[in-house]
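Reader: I would like a close look at one part of this model, the place where two chains meet. Please keep the answer plain.

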Amino acid sequence: MIAALICVASLAALLQFFMAHSRAVIAVYRRSELSEQVREVAGIEGQNVSSEQFGRLVQLVRLCPQKSDDQTDLKVVGVYYRMMGVLRSVGRAFSSRISAWAESERSACAYFAAVALDRRIANSRDLLAQQMGEN
Amino acid sequence: MLGPFDYVIWVTSFLAELYVVVWALTQKQFLRNISLNVYILAVALQSAVLYPLLRHYGAASLQYRYTYYYTDSLLIIFLYFVIMRFYKEMFREMHVGKYVQGASAMLLTATALFSYIVIHQNKDHLTSRFVVELGQNLYFVGVVLTYLLWGAIVKLKETRARLVQLVLALGIYFSANAAAYAMRNLFPGLQANFLRFIPPVMGAFLPLAWAYTFTRVPEKAKLETARVVAPGLPVQQHS
């Protein structure tokens, strides 16, 4: 009985801590404005990025040379995006509010991926400029 | 016997622990985060003690298992001091340091008393089930303490990004381990193929997350806590 209570309470706490951790990562990226270049490359219009673009944006991020500081963030946000996908599907059956919230979270994940892509493109450009400068 | 996955996790966590301590020494922050660094050093020492036992007696031996579980319980108590350090940091501006110290002393006494009573009552059958239950309870106390700390962070709208990230990593570590230990009590069959991986993975996650936070999150970085909390909690409504 005690083990069952501890298990349920710990899983609930884990979920909350993980969500807060993921949202903290996303919040840091949310402060960055997207450049025109990344908007063009990813076909983004307006301020918000469609949640459905997350997968494509992550694929584009993977095509760019790796930046050492965003690998873990990409993994964390990837898990969070999938979690929100499950919540959105479950929410459709029970409450449209939950479903709408999960969808806005997925959009925030897509925005995160767009900023990550932006940073990697800028990083690649710097690397190229550096190489050309050396030659 | 240990497989390649276990070795990778072991080496990764050991390197991350080493990194955190070296980083603290080079940045002259060792004494400032003394409880955290002592904990990390103790974890590294545990790895150094467990490795020869593992080589000599094997992972299934009683020598290895009891040393693992009892040193792990001791490490959790070390982590309580880390949480208390975070509490102190959190309430620094409110000048309630002496109350936090008093609470830490009380917590330590209560934990020692509780552990003594439990061990005294079970001294004739200190079985592996008992050590799992002890671990489960200690981890759960950690979950409660961290959750209360997280509640204080949200309520007081703490903005120090580094502190927030350190506490969240600790929360994930404690809750995942408490859940794993409790599930092990409930479903012993899951231990061999699934649950046994959680404590070592979390053991690598915590120093890695701390290493990442110390390196990548500047001390002065700010984070709006309201953006981090999921809706439904009061703070979100004000944002």
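How much area do chain A and chain B bury between them, and what share of it is on carbon and sulfur atoms?

Author: This is a predicted model, and the values below are computed from it. The size of an interface is often given as the accessible area lost when the parts come together. Here chain A and chain B bury about 2,500 Å² between them, and 70% of that is on carbon and sulfur atoms. On the chain A side, the residues that lose the most area to chain B are A:Ile6, A:Phe17 and A:Arg23, which together account for 26% of what that side buries. The contact draws 26 residues from chain A and 30 residues from chain B.

H1(A) covers residues 2-30 and H5(A) covers residues 96-134; the two pack at an angle of about 50°, with their axes 9 Å apart. That angle makes H1(A) oblique to H5(A), and their crossing is left-handed.

Definitions and conventions. Residues are numbered from 1 along each chain as its sequence is written. Chains are lettered from A and ligands numbered from 1 in the order in which they are written. This is a predicted model: local features need pLDDT of at least 70, side-chain atom pairs count only at pLDDT 80 or more; totals for chains, interfaces and linings use all residues. Side-chain values use heavy atoms; hydrogens and water are left out. Contact means heavy atoms within 4.5 Å. Buried area is the accessible area (1.4 Å probe) that two parts lose on being put together, summed over both. Axes are lines fitted to C-alpha atoms, for helices over the stretch in contact, and angles run from 0 to 180 degrees between N-to-C directions. Helices (H or I, at least four residues) and strands (E, at least two) are DSSP runs, numbered from the N terminus. Angles under 35 degrees count as roughly parallel, over 145 as roughly antiparallel, 65 to 115 as roughly perpendicular and the rest as oblique. A crossing is left-handed if the near helix is turned anticlockwise from the far one by less than a right angle, and right-handed if clockwise.
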